[in-house]
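Here is the note you asked for on the side-chain contacts in this structure. Please read it with the model open.

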Amino acid sequence: MSQPPADSAPAPEKGGDDLATLAKGGRTNTMGFVVRLIARIPFLVIATRLYGAEALGRFASALVLIEIVALICSLGEKRGLAQRLSEGAGENRSAETNLVYDGILLALAYSAVAAGVLLVFPEPMFPNGMNSPWDMWLVATIPAFAVTEILLAAQAYRFDIATTVRARAVVEPWTISIGAGVFFFIPETRDAGLALAFITSIYAGLLTALWPFLRTYGLPKNWTPQARAMLGMSARAFPLVGADAIERGTRLLDIFILGLFAPPQAVGIYYAAQQIASLPQKLKTSFEPILSPVITKNLRIGNMEAIAAQVRQVGFWIIAVQLGIALVLGMPGEAVMGLWGPDYVAGTAALAFLLAAEVVASMAVVSESVLVYIARKRNLAISVGIIALQAGLTVALIMAVRNAGLGGGYQAAGAAGALMIALATSSLVKALLLKRLLGASVSNWRWPLVYAAAAAVVVGYAFTLLPEWIELLVGIPAVLGTYALVIWRRGFGEEDKVLFRKNVVPDEDSSSPA
């Protein structure tokens with residue numbers, strides 16, 4: 001990789017201390033995670049109580065292909081844009097703007113082709129049928145989703161993480177919740193309510209990202225897209241696109257396979273459990289937008305030890321918070337799933353496996369944030385092997401459960417167990433590869449995690465012996481408080497605690513607008 005001189009560094013390099021920068025961006029997105037958690041609950045209540053498990057299962061099966069295709073059409077710009085801008089624009093803001101618009105144009109072109117293909121061949125989207133003919137228009141979200149990813153990545157390059165929080169944690173979840181409720185009570189749209197609410201939320205998120213982007217970058221100047229350059233960009237993006245699609249695919253493959261082998265109700269139960277368990281996964285991705293510019297800066301100057309230190313630091317932050325979330329949601333798992341209705345209690349085991357999967361996956365995600373820059377092809381090869389392992393395990397476990405005559409809840413648990421094994425394998429392999437390439441340890445493991453988890457489990461188990469309303473209202477805060485107290489005192493050093501301090505990076509250092 002060529003290394004331009006230091007004076008050609010982009011805006012992110014001016015933000016000061018890397019650790020403080022990571023802490024500020026991560027803290028902003030952690031708050032966004034809390035907001036997203038609050039906003040996700042109304043949608044789950046509406047979807048499970050009003051629409052039912054079967055309608056939710058058909059909707060979830062359709063989203064699998066939509067999300068994967070949209071992610072591919074974004075060309076990996078969520079992480080790749082930072083490198084393109086840092087290598088190709090320097091401090092030339094006009095050149096930066098034109099590079100972003102190159103990505104947007106190419107994403108729209110791919111999205112148009114993908115949407116057209118799915119309109120002609122919609123069968124893979126609906127293995128269990130459609131809730132309504134309106135479901136077909138889910139393909140309209142592909143270009144909006146892809147462009148939003150690029151806009152948010154561009155804002156993250158200027159250290160504007162607040163826009164991501166507004167779009168992903170506030171506007172999208174509240175729009176889909178309100179939309180699902182409104183459309184249900186309109187007779188003409190009742191069957192299509194989930195699909196129409198999703199479409200509305202994606203476009204609301206796009207508009208939320210577009211306004212600050214235009215304020216920050218504006219319109220292109222002297223912009224002349226070149227076909228040859230576009231083809232080169234596509235070729236270069238392939239390993240990154242593959243890694244992104246496979247990483248996201250590991251969270252969607254289980255739903256797709258369940259849709260093929262299990263009834264819609266089982267898919268709906270699994271989807272409800274996954275929506276709860278995916279909240280820690282959203283937390284992992286909170287650090288990606290702010291981590292990419294910091295990593296690309298250190299790669300240009302060849303500071304591999306600094307990158308390893310950043311991976312260790314961010315990795316510990318993520319696993320510490322994720323383990324706490326897993327304990328808070330997993331210990332009262334039966335009561336949590338029961339909130340959506342008695343049919344969903346069968347997904348308790350699936351919820352437990354999914355929460356564990358997100359904890360063991362933390363090392364893979366942080367390692368991959370570096371591997372996509374320094375070992376793209378090897379990272380892609382590992383990801384392909386992992387998703388193949390997951391597919392085989394998922395089919396094998398679902399078939400074993402079916403042959404044993406067990407119900408849909410056990411099939412969902414089998415799919416979740418396969419995901420956990422696959423992600424644990426991915427974390428181990430990718431961490432070992434990154435350690436060898438950087439020549440330094442990248443492990444995020446610390447023994448105080450065990451002490452904190454053990455104390456929280458004891459408290460949580462005690463509350464499972466009490467009525468469910470006490471378990472939820474009192475037990476969850478008690479488990480969280482116990483875990484937080486132990487991990488703060490035994491696991492967090494001074495560098496770790498910077499995540500929770502304000503004003504570690506002066507606001508004027510940021511290039512993003514207010």
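1. The model is predicted, and local features are taken up where pLDDT is at least 70. For side-chain atom pairs the requirement is pLDDT 80 or more.

2. Salt bridges, overall. Side chains of opposite charge can pair when their charged atoms come close. The structure contains six salt bridges.

3. Arginine 158 and glutamate 96. These two side chains form a salt bridge with an N to O distance of 2.6 Å. Arginine 158 is in the loop between helix H4 (141-157) and H5, while glutamate 96 belongs to helix H3, so the bridge ties together parts that lie 62 residues apart in sequence. Arginine 158 and glutamate 96 are both buried.

4. Arginine 168 and glutamate 172. Here the side chains meet in a salt bridge at 2.5 Å, N to O. Both residues are in helix H5, and because they are four residues apart, about one helical turn separates them. An α-helix has 3.6 residues a turn, so residues three or four places apart point the same way. Glutamate 172 is buried at 12% relative accessible area, and arginine 168 is buried at 11%. Salt bridges with shared partners join Glu149, Arg168 and Glu172 into one network. Arginine 168 has a further contact to check: it lies over the face of phenylalanine 145, at 5.2 Å from the ring centre.

5. Arginine 58 and glutamate 54. The closest N and O atoms of this salt bridge are 3.6 Å apart, against a cut-off of 4 Å. The two residues are four apart in helix H1 (residues 18-73), which puts about one helical turn between them. Glutamate 54 is partly exposed, with a relative accessible area of 42%.

6. Tyrosine 101 and tryptophan 223. The count of aromatic pairs comes to ten. In one of them, tyrosine 101 and tryptophan 223 have ring centres 5.8 Å apart and planes at 50°, a tilted arrangement. Tyrosine 101 is in helix H3 (residues 93-120) and tryptophan 223 is in the loop between helix H6 (193-216) and helix H7 (227-249), so this pair ties together parts 122 residues apart in sequence. Tyrosine 101 is buried, at 12% relative accessible area, whereas tryptophan 223 is partly exposed at 28%. Which residues make up the aromatic cluster that includes this pair? The members are Tyr101, Phe213, Tyr217 and Trp223.

7. Phenylalanine 184 and phenylalanine 185. How are the rings of these two residues arranged? Their centres are 5.2 Å apart and their planes stand at 90°, so the pair is edge-to-face. Phenylalanine 184 is buried, with 12% relative accessible area, but phenylalanine 185 is exposed, with 58%. The ring of phenylalanine 184 also has the charged end of arginine 190 over it, 4.5 Å from the ring centre.

8. Nonpolar surface patch. Ile38, Val170, Trp174, Ile178, Val182 and Ile186 form a nonpolar patch on the surface, and together they have about 490 Å² of accessible area. Helix H5 (residues 162-184) supplies the largest share of this patch, four residues. Isoleucine 186 is in the loop between H5 and H6, and counts as partly exposed at 32% relative accessibility.

9. Valine 182. This patch member lies in helix H5. Valine 182 is partly exposed, at 45% relative accessibility. The C-alpha atom of valine 182 is 8.0 Å from that of glycine 193, eleven residues away along the chain.

10. Helix H13. Does the length of this helix agree or disagree with what 1.5 Å a residue predicts? The 13 residues of helix H13 (residues 348-360) should span 18 Å, and the end C-alpha atoms are 19 Å apart, which agrees. The expected span is 1.5 Å times one less than the number of residues. The buried residues of H13 are Ala350, Leu351, Leu354, Leu355, Ala357, Glu358 and Val359.

Definitions and conventions: Residues numbered from 1 in each chain as written. Heavy atoms only, no water. Phe/Tyr/Trp six-rings, centres within 6.5 Å; stacked < 30°, edge-to-face > 60°. Buried < 20%, exposed > 50% of the residue type's maximum accessible area, 1.4 Å probe, protein only. Lys NZ or Arg CZ within 6 Å of the ring centre and 35° of its normal. Patch = residues over 30% accessible without salt bridge, like charges linked within 9 Å, V, L, I, M, F, W, Y side chains within 5 Å. Areas by Shrake-Rupley, 256 points an atom, 1.4 Å probe, with all protein chains shown as cover.
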